[in-house]
Amino acid sequence: MFRKMDGMKIREKLKYGYAIVILLMVVITVVAVIGLFVVRGKMNDYIKGAQAADTAVKNCRINTNIAARNIREMALNANQSTYAQYRKSISDSEEAITKSLEDLHKVGVVSQELNQRYETAIENWLKSGNEIVDMLEQGNTTEAIDMIINDCAPALQEAALISQEIDDETNNLKDQSSYIAQKTVFIVTGAIFFMMLLAILLAVKLGNRIVKSIVDPLKEIENASIELSHGNLHTEIFYHGEDEIGNLAHALRSSIQSLAAYVEDIDHTMKEFSKGNFDAKAGVEYRGDFCSIEESVMSFESNMADMVKNIQRVADQVTGASEQISSSAAQLAEGATEQAGVTEELSASIDSVSSQIESNAKEAADISREVQEVGVEIDHSNGKMKEMVESMNKINDSSNEISKIIATINDIASQTNLLALNASIEAARAGEAGKGFAVVADQVSLLAAQSAEAAKESTALIEESVRAVQGGMVIADETAEQLENVVTGARSIIKQVDHIARASEQQSEAVNQIDSGVEQINHVVQNNSAMSAECEASSQEMAAQAELLDGLIRKFRVGKFH
């Protein structure tokens, strides 16, 4: 019976318990009614048996005494005009006596032999009494008195003795009937008390079983909710059932598992991002409102991967260009040194100097063109960096949307708490019948508060993820700043290369004016040497900045298909 309740709903359990209690009350009532009918039957047997026999004997004795008194008074009364009245009274007594004897015989509780003796004694006395009355009416008073003394009195005494025997026998019967009635009452009362005790014990055990089947799983769910509100997403709920509490436990167990999986996956992904790995994949399937979190994280990863690959490509180009500039600057410096060495032979080698100057002008023009191309690439990289910053801002906006989702969860918890309050009010209106439902409503209200606390903990975890994203924004800002420095250095190099080109043009013009003097040529050569040294230093600095940028970008890891 109790195992059958384990698979029932709460409403069915309560109905089942009430049905059993009502059934026990009906059984107790039926037993009590049957006991009353049994006692009534015993009392009827007593009243219609021994009591009726005793009453019949007493009535017979009373009427016999009345008739005997009338006979004596008739014998003592000399006024014969009253004899008719005495005879009528004696006749009425005889009829009453006959009726009592018939009742005694009809009851049948007195033994046949004793009943026959009593009837014979009464009939003999009645016969003697009628003879005495006849004698008195005939005027034979002396004979009548003598018969009263000698015949009637002994007959009446014999009837009295027999009636005493009947009284003794009826008294025994009355005692037996009284004992049986008392015994029956005791047995019926004991049976009623036993059934009541059995009903109370069964009702208490049934109530405890119902309360235990409700309170124990709710206590387990409450403990799990407390652990969840403390941020413990690895708590377990072992209760399984097919009732409402079992469904609640299954839903909470699934929610805890899903939330733990989401938090662990987000934590793992953010750690990979903080390590520079933008090739991480979602390890769980996001559902419902959490799908927007997955989309935001994957969008951030995709944008970061594209940006890093673009920066890596630009860094490679900057490195190659810086190597070319460094090589050209080294060649230019070597040429300037050679020009300084042959200044003394300038007069004799004017043709060679003119050729060298033309070569320098051509190389300067090539370097200027290449540096300008590098400047364009650096500007493009700077634009990509700005796009990355905008992507980071979008991630920050997505984090704000996540906060709104948590706020929605808090609103749901508040509505659940309000519903639980309404349920408590309705349970209070229901009185005693709603106490169990009031306990469930209180537990639901507590679960709603703990769900709100869990939402706060989730907000803290998401804020921590947002802080990790902000850390990534700081790294991006630093990278952008370093790239800006590269842009500044490249622009400086462009200016210097342009200056070299203009100097080469001046040298070309100076060739046409070679006659103006060796001092002027020597001065131009020294300027070329100084400018070449500065160009070489700038190209080396640019190469160092390019290597630094490449080293920073290589720390990030991206997939092949972004």
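User: Which helix does Q324 lie in?
Analyst: Q324 is part of helix α7, which covers residues 291–341. Keep in mind as we go that this is a predicted model.

User: Thanks. Is Q324 buried, exposed or partly exposed?
Analyst: Its relative accessible area is 43%.

User: Let's zoom out. How many helices and strands does the protein chain have?
Analyst: There are 10 helices and zero strands. Read from the N terminus, the order is α-α-α-α-α-α-α-α-α-α.

User: What share of the residues is buried?
Analyst: 38% of the 562 residues in the protein chain count as buried.

User: What about the accessible surface, how much is there and what part belongs to carbon and sulfur?
Analyst: The accessible surface of the protein chain is about 31900 Å². Carbon and sulfur atoms account for 55% of that surface.

User: On to helix packing. At what angle do α3 and α4 pack?
Analyst: Helix α3 (residues 83–107) and helix α4 (residues 112–138) pack at about 170 degrees, and their axes are 11 Å apart. Angles over 145 degrees count as roughly antiparallel, so that is how α3 runs relative to α4.

User: Which residues make that contact?
Analyst: From α3, they include Y83, R87, I90, E94 and I97. On the α4 side, W125, L126, N130 and V133 are among them. By class, the contact of α3 with α4 has 11 nonpolar, four polar and five charged residues.

User: And α4 with α5, how do their axes cross?
Analyst: The axes of α4 and α5 cross at roughly 160 degrees and come within 9 Å. The two helices are therefore roughly antiparallel to each other. The crossing of α4 past α5 is left-handed. As for the residues in that contact, 17 are nonpolar, three polar and seven charged.

User: Then α5 and α6, parallel or antiparallel?
Analyst: Roughly parallel. Helix α5 (residues 141–229) and helix α6 (residues 244–274) have axes that cross at roughly 15 degrees and come within 10 Å. Angles under 35 degrees count as roughly parallel, which is why α5 and α6 get that label.

User: What's the handedness of that crossing?
Analyst: α5 and α6 make a left-handed crossing.

User: Which residues meet there, and how do they divide by class?
Analyst: On α5 they are S213, I214, P217, L218, I221, S225 and L228, and on α6 they are I245, L248, A249, L252, I256 and L259. The contact of α5 with α6 divides into 11 nonpolar, two polar and no charged residues.

User: Last one. Where is E222, and is it buried or exposed?
Analyst: E222 is in helix α5. Its relative accessible area is 15%, and under 20% means buried, so E222 is buried.

User: What is E222 in contact with?
Analyst: Setting aside neighbours within four places in sequence, E222 is in contact with Q443, L446 and Q450.

Notes: Residues numbered from 1 in each chain as written. Predicted model: local features only at pLDDT ≥ 70, side-chain atom pairs only at ≥ 80, totals over all residues. Heavy atoms only, no water. Axes fitted to C-alpha atoms, helices over the stretch in contact; angles between N-to-C directions. Helix = DSSP H or I, 4+ residues; strand = E, 2+ residues; numbered from the N terminus. Parallel < 35°, antiparallel > 145°, perpendicular 65-115°, else oblique. Left-handed = near helix turned anticlockwise from the far one by under 90°. Contact = heavy atoms within 4.5 Å. Nonpolar A, V, L, I, M, F, W, Y, C, P; charged D, E, K, R; others polar. Buried < 20%, exposed > 50% of the residue type's maximum accessible area, 1.4 Å probe, protein only. Areas by Shrake-Rupley, 256 points an atom, 1.4 Å probe, with all protein chains shown as cover.
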